[in-house]
Amino acid sequence: MEEKEQKELELLAAKVRRDVVEMLLHRGYGHLGGSLSIVEVMAVLYGKQLKHDPKNPKWEDRDRLVLSKGHAGPAWYSVLAERGFFDRDMLFTLNDGGTNLPSHPDRTKTPGVDMTTGSLGQGCSTAAGIATALAKKGSDAYTYLIVGDGELNEGQCWEAFQYIANYKMDNLIVFIDDNKRQLDGWTKDIMNPFDYVAKMQSFGFYTQKVNGQDVVAVDAAITEAKQHKGEALCIILDTVKGAGVKAFEEMESNHAPKFNTPELKKTAQDAVDALNEQVKKLEEEVA
Amino acid sequence: MFKLAEDRSATGADLRNVVMETLQSLIAENDKVVMLEADLGGASNSLKIKASNPDNFIECGISEANMMGVAAGMSSEGYIPFVHTFAPFIARRAFDQVFLSGAYAHNTINMYGSDPGFSVAANGGTHTSFEDVAIMRTIPHARVFDAADAVQMAWIVKTCAGLPGINYFRGDRKAIRNVYAEGSEFELGKGNVLREGSDVLIISAGRLVSDALDAAENLEKQGISAEVIDMFCIKPLDEELVLSEAKGKKAIVTFENHGVIGGLGDAVASVLAENAVAVPFKRHGIVEQFGQVGTADWLQKEFKLTASDLEETVKGLLA
């Protein structure tokens with residue numbers, strides 16, 4: 001990847017990360033850690049790999065995205081706003097009564113959201129259904145599926161993975177956001193996942209594991225996956241819950257913190273300020 | 001318009017074959033109609049579709065939750081999915097998937113829940129569904145049907161294909177007795193008055209409609225005039241018909257191959273109560289029981305769902 005393209009993707013990631021923190025600070029609470037860990041994959045998808053048209057969200061030839069870990073909706077909303085699917089001001093309506101941005105994605109409310117998710121595991125199956133339908137239509141569009149590592153506690157994920165592998169679905173790329181933490185603690189302590197790579201390989205997936213916080217690595221893995229025809233595709237994103245803001249990475253419980261004390265508000269505001277600096281710097285570098 | 005069958009003792013085609021053959025003709029007209037199966041294609045005969053229309057058949061294996069999600073995902077891309085499994089494995093096992101990936105997400109899933117209630121026969125208690133109607137009724141805007149015979153089942157399947165949303169229809173796999181003449185047409189959300197009567201109103205659905213008609217004939221011989229309604233569309237319920245036909249009756253009985261909690265009886269009771277219809281009333285169905293094995297005939301007697309059981313209930317209310 002050329003340096004300019006890399007900087008552009010990093011710029012989009014920085015903006016999305018800033019937007020996530022800013023919108024959750026504005027709201028006073030929200031799913032912080034798991035939104036921040038998927039910022040880079042969102043930036044690579046919407047900055048490069050995922051075919052989309054913000055002016056025509058239902059464009060038939062678009063690629064589809066299913067965010068099965070629906071609680072990370074703020075990361076999706078931020079990238080959709082940055083790409084112009086809707087006005088950035090709308091981000092600050094998150095979880096308002098009657099909002100078009102509910103905490104979990106809703107295909108009937110938000111431009112650019114292809115599938116409703118929130119009950120964990122279900123997005124794996126609906127993504128499989130979407131990809132099945134696209135293949136039947138003869139479309140060359142991809143379906144991207146983002147699953148949480150904690151979410152893999154749900155049996156339905158594995159039902160869907162069986163289905164995807166059985167049908168050798170090469171038009172669907174499964175991302176596992178391996179951020180190593182879930183609501184109650186570390187995934188290894190809650191329900192030991194052992195080895196995701198071995199698991200997915202044994203299910204029949206062509207499986208790669210990459211640094212999920214590195215836009216170059218994520219982009220290369222997607223490009224590599226697309227070269228593999230006739231087999232199911234999985235990319236395990238080695239990520240950090242709360243990634244990109246040291247204070248959030250180190251927070252004891254960063255799944256859905258409340259910004260309800262002067263200290264926590266200041267932590268979040270400092271993060272927004274630092275991310276704004278990062279955005280400014282990257283904008284200068286890209287210019 | 002519907003016409004009653006000339007010979008009510010005769011059975012129609014196997015309901016599963018009616019479902020699959022109707023789907024084959026729907027697929028011939030619209031390639032977007034697809035059948036999803038959870039490793040029960042030999043039980044439902046959906047393997048007929050796999051043979052005739054392989055591109056319109058999707059084997060999901062024994063994973064009902066995933067099957068509902070795949071159906072919902074295909075619906076979001078413009079397909080019209082039908083799924084089959086035994087009734088309890090739709091309502092009990094995959095409810096959250098039907099509710100969220102299906103209904104809440106504004107996707108379409110058409111569901112054939114087979115062998116409900118005592119029709120389960122040798123598959124026994126684990127496969128018995130006395131609660132599927134209750135569960136599916138709770139989904140906003142879902143439609144819930146119980147097929148009285150083969151003619152009606154064909155109409156239900158054809159109609160569901162044109163109705164976006166959550167459509168659940170329950171019915172036997174094997175043949176049941178005829179209620180309607182070939183060519184009968186029905187109306188969504190409208191019950192059918194099959195027999196007029198002045199003393200008692202019997203409201204039934206599914207295969208018990210035949211038994212309700214038998215009971216009405218027997219009651220007539222005993223000087224009791226019974227009206228019988230086939231309420232095949234349990235949701236949306238034909239409230240107008242319930243209220244108009246309740247007028248002047250000395251008693252009302254609902255009769256269902258289902259638990260009394262949340263089924264047809266509760267649906268009718270709500271209409272009566274909210275409209276201040278004060279008349280002796282009984283929900284004749286399953287009360288606090290699980291299923292068990294046996295032939296369907298034996299189970300029907302064991303669960304007190306025969307025509308003579310219904311007659312006793314009617315007479316008890318009128319006494």
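In which helix of chain A is the place of Thr187(A)? Thr187(A) belongs to helix 7 (residues 187-190) of chain A, where helices (H or I, at least four residues) and strands (E, at least two) are DSSP runs numbered from the N terminus. This is a predicted model, in which local features need pLDDT of at least 70 and side-chain atom pairs count only at pLDDT 80 or more, whereas totals for chains, interfaces and linings use all residues. Residues are numbered from 1 along each chain as its sequence is written, chains are lettered from A and ligands numbered from 1 in the order in which they are written, and side-chain values use heavy atoms, with hydrogens and water left out.

**Surroundings of Thr187(A)**

- Thr187(A) counts as buried because its relative accessibility is 5%, the term buried meaning under 20% relative accessible area, exposed over 50%, and partly exposed in between (1.4 Å probe, protein chains only).
- Apart from its neighbours within four places in sequence, Thr187(A) is in contact with Asp149(A), Gly150(A), Lys180(A), Arg181(A), Gln182(A), Asn192(A) and Pro193(A), contact being defined as heavy atoms within 4.5 Å.

**Strand 7 of chain A**

- Strand 7 (residues 232-238) of chain A is mostly covered, with 6 of its 7 residues buried.
- Strand 3 (residues 172-178) of chain A pairs with strand 7 of chain A in the parallel sense over 6 bridges, and Ile176(A) stands opposite Ile236(A) in strand 7; two strands pair if DSSP finds at least two bridges between them.
- Strand 6 (residues 205-211) of chain A also pairs with strand 7 of chain A in the parallel sense, over 7 bridges, and here Phe205(A) stands opposite Ala232(A).

**Interface of chain A and chain B**

- The interface brings 24 residues of chain A into contact with 24 residues of chain B.
- The two chains bury about 2,000 Å² between them, 52% of it on carbon and sulfur atoms, where buried area is the accessible area (1.4 Å probe) that two parts lose on being put together, summed over both.
- In chain A, Gln122(A), Lys136(A) and Glu159(A) lose the most area to chain B, together 25% of what that side buries.
- The rule finds 2 salt bridges across this interface, a salt bridge being a side-chain nitrogen of Lys or Arg within 4 Å of a carboxyl oxygen of Asp or Glu; Lys137(A) forms a salt bridge with Glu77(B), the closest N and O atoms being 2.9 Å apart.
- The elements that give two or more residues to the side of chain A that touches chain B are helix 5 (122-137) and helix 6 (155-166) of chain A, and the largest share, 11 residues, comes from helix 5.

**Salt bridges within the chains**

- Over all chains, a search of the whole structure finds 41 salt bridges.
- The side chains of Arg62(A) and Asp114(A) meet in a salt bridge (2.8 Å, N to O); Arg62(A) lies in the loop between helix 3 (39-49) and strand 1 (64-67) of chain A and Asp114(A) in the loop between helix 4 (73-82) and helix 5 of chain A, so the pair ties together parts that are 52 residues apart in sequence.
- Arg62(A) is buried, with a relative accessible area of 9%, and Asp114(A) counts as buried at 9% relative accessibility.
- Asp132(B) forms a salt bridge with Arg170(B), the closest N and O atoms being 2.8 Å apart; Asp132(B) lies in helix 7 (residues 132-137) of chain B and Arg170(B) in strand 6 (residues 166-171) of chain B, so the pair ties together parts that are 38 residues apart in sequence.
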